[in-house]
Amino acid sequence: MFLTPFIKGRPVRAVGGAVEPPVRLHSVALLGADYPGLRADLRVKEGDAVVAGQVLFTDRKHPDIAFVAPASGRVASVTFAAGRRLSALIVELDGDKAEKAASAPIRVGTAGDARALLLSRGLWPAFRSRPFGRIPPPDARADAIFVHAMAGFDGAPDPAALLPGVAEEFAAGLRLLTLLTEGAVLTCFPEGLELPEIETPGIRRAFFAPHPMTSMTSHHVAQLHGQVRDRPVWTIGWQDVVAIGQLLRTGQFPGERIVAITDAHSGRPVLKRALLGVSLHDLFVGSSPPAANLISGPAISGNEALWLSRYDTSAARIVPPQTSNLWKALTSSSGALRPILPHAGLDTALPVGIPAVPFLRALTVGDAESVEKLGGRALVEEDMLRASHRCTSGTDYAAKLRTVLDRMEAEG
Amino acid sequence: MIAIRQPWQVTFAVTLALLPPVLTMLDRNGNAALRVLVTALVVSLIWELIFTRARRQPPSWHGIATALIVSVMAPTDLPLWHLALALSFGIVIGEQVFGGRGFGFLNAAAVSLAFLIFAFPGTVLPEPGPDLGYATLPGLALLLALGLVFWRVLVALAIGLIAGFAVVNGTAPEPETFLAALFAATFLVADPVASAATQAGRWLYGIVAGLLAAFFSATGLASAVVFAALLAGLVAPLIDDIVIRARTGRRSARG
């Protein structure tokens, strides 16, 4: 009751080890919420049969950016939110009945080739740029590319356990990244990870201590690159780099991802082979207790969802705490603004040493100038997870940050 | 690891921390102290409920903690309407007009006690003894463990006190002085809402509060710490602003 312990949503260390094969997966979805600002130009309609890697829609503003099917199946539904923005495109899987195209390696020689390949084959959305955390436009310049291969504290799969098994694909992916930037490709590993050195100019490695804040991309960018206002960077996860390597090797779209799932009941996280945008019900099939919430991403994000977000590699099932009605009447805040009460837990909730309380206050009132002054331009939603979790205000700071970033972006 | 997620959890922890000092005070002063305590609780809860109702906010119940702090530090023989007026001023002007605890930047108990001394000349806060200091220790440990008191503020306060005494008296303060000041230091100066919010700012804030407390100490230690807490709380936002400016300057110089 009092002093909610973290136990139900403990921010676990990254998990490694044996990967369980999936139980049968029934559906995957591409979610509009993953691509803020996207206007989808549909290339399929409900009922169409699609194969893995087939273009489902493109970005109306940048028609070169393709969004593709993670696996083969049938388009079950396409729903829109307000303003004709895509809500979700759901593909019912057919268990790969469709015949696979013959696999043939792809050769990429020039920077133009590399961009065209990733754009047309659906891997471009793996990149997000800083500032603002958006999919970069096809012709955008990156002063550096940051590859996140850290053992996060959010229950994500541990690259230390998994990367050695796919080291060749990873290296091939990295080499392709070097064609996309004139700057460095910075791979950020946890201390102690052993991987053969890649002898390609432009690829640099950095090792970071296992700590919640030093495992954040924002920390890496601040340490190795500096400000992003005039020198934008792109970020990408290690599994997406491996996927690029697989695309080069096989010529086929690699929709598979290893997802770490944490169940509040069994406690121990396990790794499962799954798909991009996989249905969370499929991941947690079996022992489903009533009143359990499925979460895309770390348990503390509280991000209830039906499908895995494009950028998440972990999922959790939590059981919401039960509270009596009397207790709710005495303490609950039905939508009312609650205060930010400073406490030591908040001071360590933000990366890059940003002073938490002034920053959260500025976000709460949408004070873009102060947010900028405190270093908010380089942050994205994931950086706000711990602050939202720990603050007494109950504010969703990720959403507040997005609002402020949108304003900064509009004002330039 | 324990997580603070709700304002009332903070109130609960602070109230728990206040119990040993309150019991010490009741044990020492008996019925006179009980009378002060009950009046303080009734007045602060009335104001808290009026304001949270009007704003449709959930009550944080922090009025309880404010009432307990004031009861421990106020003289037990004061007229109850003095107490009621002082608490009303502290809670309404020091806290609720900003939107409640956590939206303002002052400690309501410090404002109440300062009002008591200013508005009713002749009110003298009783000098705390070492027993109050000892009774504060378990609560201090709890608040430190929960992160609701910043150790930086307390260490800086001690540094400020030593430096201030050296300037004013030419000597270091007695160990008993620290013990006697511990209650007010914990619940007034180190209040996370009144303290500076940046790490460097907390050092500065604590030192400012310690220096001020030493300079005012001729009028009695208890009121000295009250005024030191109040004035340091007033400059805390300025301290944070300076720290943030310095940080921004450093970043742009580097980037």
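This is a predicted model: local features need pLDDT of at least 70, side-chain atom pairs count only at pLDDT 80 or more; totals for chains, interfaces and linings use all residues.
**Exercise 1. Determine in which hand H9(A) passes H12(A), and which residues make the contact.**

Solution. Residues are numbered from 1 along each chain as its sequence is written, and chains are lettered from A and ligands numbered from 1 in the order in which they are written.

Next, take the contact itself, which H9(A) makes through Leu360(A), Leu363(A) and Thr364(A), and H12(A) through Tyr397(A), Lys400(A), Leu401(A) and Val404(A); two residues are in contact if their C-beta atoms, placed from the backbone, lie within 7 Å. Sorted by class, the contact has 5 nonpolar, 1 polar and 1 charged residues, where Ala, Val, Leu, Ile, Met, Phe, Trp, Tyr, Cys and Pro count as nonpolar, Asp, Glu, Lys and Arg as charged, and the others, Gly among them, as polar.

**Exercise 2. Find the order of the strands in the open sheet of chain A, and which strands stand at the edges.**

Solution. The 4 strands follow the order S2-S8-S7-S4 with antiparallel pairing, and strands pair if DSSP finds at least two bridges between them. Strands are DSSP runs of E with at least two residues, helices are runs of H or I with at least four, and both are numbered from the N terminus. S2 (27-31) and S4 (49-50) of chain A each have a single partner strand, so one side of each is left without a neighbour in the sheet. Between S7 (residues 73-81) and S8 (residues 85-93) of chain A there are 8 bridges, and Gly73(A) stands opposite Leu93(A) in S8(A).

**Exercise 3. Decide whether Arg84(A) and Trp61(B) are buried or exposed.**

Solution. Begin with the cut-offs: a residue is buried if 20 or more other C-beta atoms, placed from the backbone, lie within 10 Å of its own, exposed if 12 or fewer, and partly exposed in between. Arg84(A), in the loop between S7 and S8 of chain A, has 9 C-beta neighbours inside 10 Å and therefore counts as exposed. Trp61(B), in the loop between helix H1 (7-54) and helix H2 (62-73) of chain B, has 21 other C-beta atoms within 10 Å and is therefore buried. Finally, phi is positive at about 55 degrees for Arg84(A) and at about 65 degrees for Trp61(B).

Definitions and conventions:
A crossing is left-handed if the near helix is turned anticlockwise from the far one by less than a right angle, and right-handed if clockwise.
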